Amino acid sequence: MITNSIQQLTRNEIDDYKWDWCVRSASNSSVYGLSWYLDGVFPNWQGLVLGDYHAVMPFFCKRKLG
């Protein structure tokens, strides 16, 4: 059963195994969504997680200088 709760998790709160499994099992799977790739491109990324990693989406928070 999928719960409807969406959580915003920081990088150190994300379970890499569950995150990568969710990305790999998607019909539109891509390397760009895997945790190791996101760590290399943007080390301080965060993620939105539906339920127990039924759906995931990375996002990036940046602030403008000044």
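Start with the sheet: 3 strands form an open sheet, ordered β1-β2-β3, with antiparallel pairing. Strands here are DSSP runs of E with at least two residues, numbered from the N terminus. Two strands pair if DSSP finds at least two bridges between them.

This is a predicted model, where local features need pLDDT of at least 70, side-chain atom pairs count only at pLDDT 80 or more, and totals for chains, interfaces and linings use all residues. Residues are numbered from 1 along each chain as its sequence is written, and side-chain values use heavy atoms, without hydrogens and water.

**The β2–β3 pair.** Select β2 (residues 46–50). 5 bridges join β2 to β3, and the two run antiparallel. Now pick G47: P58 in β3 stands opposite.

**The helix.** Select α1 (residues 16–25). Helix α1 packs on the sheet and touches β2 and β3. A helix is a DSSP run of H or I with at least four residues; contact means heavy atoms within 4.5 Å. The direction of α1 makes about 105° with that of β3. Axes are lines fitted to C-alpha atoms, for helices over the stretch in contact, and angles run from 0 to 180 degrees between N-to-C directions.

**The pocket lining.** Select V23, A26, N28, G33 and V56. Of the 13 residues that line the largest pocket, these lie nearest its centre. A pocket is an open set of points on a 1 Å grid over the protein atoms alone, where a 1.4 Å probe fits, with protein on both sides within 12 Å along at least five of seven lines; lining residues have an atom within 4 Å of a point. β3 gives the largest share of this lining, 4 residues.
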